[in-house]
Amino acid sequence: MTHIDMPWPLQLVVALFLLFGALVALIGSWGLAKLPDFYTRLHGPTKASTLGVGCTLIGSLLTFSHQQDGVSVQEALVTIFLFATAPVSAHMMGKAALRRRLKGVPGTRNIPER
Amino acid sequence: MIAVVVPIAMALFAIAVLLNCYRLVVGPDIVDRILALDTLMINSIALIVLADIWMGLGMLFELALLIALMGFVSTVAMSKYLLRGDVIE
């Protein structure tokens, strides 16, 4: 690994962002693996994983903005693109699941009849 | 401090990728598999960015942006195909 010379408060902030992001993304993927039906499973990746990866990207934005003198625009572009497209893809997947009439857990309201 | 945190974060993301692969293999319906592939794309973006910090290159943003774009377009295309029976009508 190349030597990173940054002041320690900035290092602390970047480390917190990276750790928090990785933990939240892990929780989102755990929800994807554990929850019982598709409609509950859709919650984990579309909210928790997006937040976690967004935090990781903000940490790397701070790192490279310090290393390269000036805000690294591409990093911010990835973050904005991710936050803009996650709801759209989740909406499309939810509509496809409703069209295929997947079963939900007992007690789910407004599921289409099979 | 970053030299300690980056491998830990990469390990956590690796566990997340393994969980996604479990859902990709097990998933009872095809929509679950689309969701697992979408999450796999998002986690791989984070892994690429962490590898970029670890190697100190500052050159892999384009790769991350490309993977984000391909993941979104492929997810929407697969969902649209399941929804309508056609991608572009």
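Colleague: Before we get going, when does a residue count as buried, exposed or partly exposed?

Modeller: This is a predicted model, and we go by counting C-beta atoms around a residue. With 20 or more others within 10 Å of its own a residue is buried, and with 12 or fewer it's exposed. Anything in between is called partly exposed.

Colleague: Okay, so how does A:Leu77 count?

Modeller: That residue sits in helix H4 of chain A. A:Leu77 has 15 C-beta neighbours inside 10 Å. Buried needs 20 or more and exposed 12 or fewer, so A:Leu77 counts as partly exposed.

Colleague: How far apart in space are A:Leu77 and A:Leu57?

Modeller: Along the sequence, 20 residues separate A:Leu77 and A:Leu57. C-alpha to C-alpha, the distance between them is 10.0 Å.

Colleague: Which element gives the largest share of the side of chain A that touches chain B?

Modeller: The contact draws 48 residues from chain A and 46 residues from chain B. On the chain A side, helices H1 (8-34), H2 (38-41), H3 (43-67) and H4 (73-99) each give two or more residues. The largest share is 15 residues, and it comes from H4(A).

Colleague: And how is H3(A) oriented relative to H2(B)?

Modeller: Residues of H3(A) such as A:Val53 and A:Leu57 are among those meeting H2(B), whose side includes B:Ile42 and B:Val49. The two helices pack at about 15°, with axes 10 Å apart. Angles under 35 degrees count as roughly parallel, so H3(A) is, relative to H2(B), roughly parallel.

Definitions and conventions: Residues numbered from 1 in each chain as written. Chains lettered and ligands numbered in written order. Predicted model: local features only at pLDDT ≥ 70, side-chain atom pairs only at ≥ 80, totals over all residues. Contact = placed C-beta atoms within 7 Å. Helix = DSSP H or I, 4+ residues; strand = E, 2+ residues; numbered from the N terminus. Axes fitted to C-alpha atoms, helices over the stretch in contact; angles between N-to-C directions. Parallel < 35°, antiparallel > 145°, perpendicular 65-115°, else oblique.
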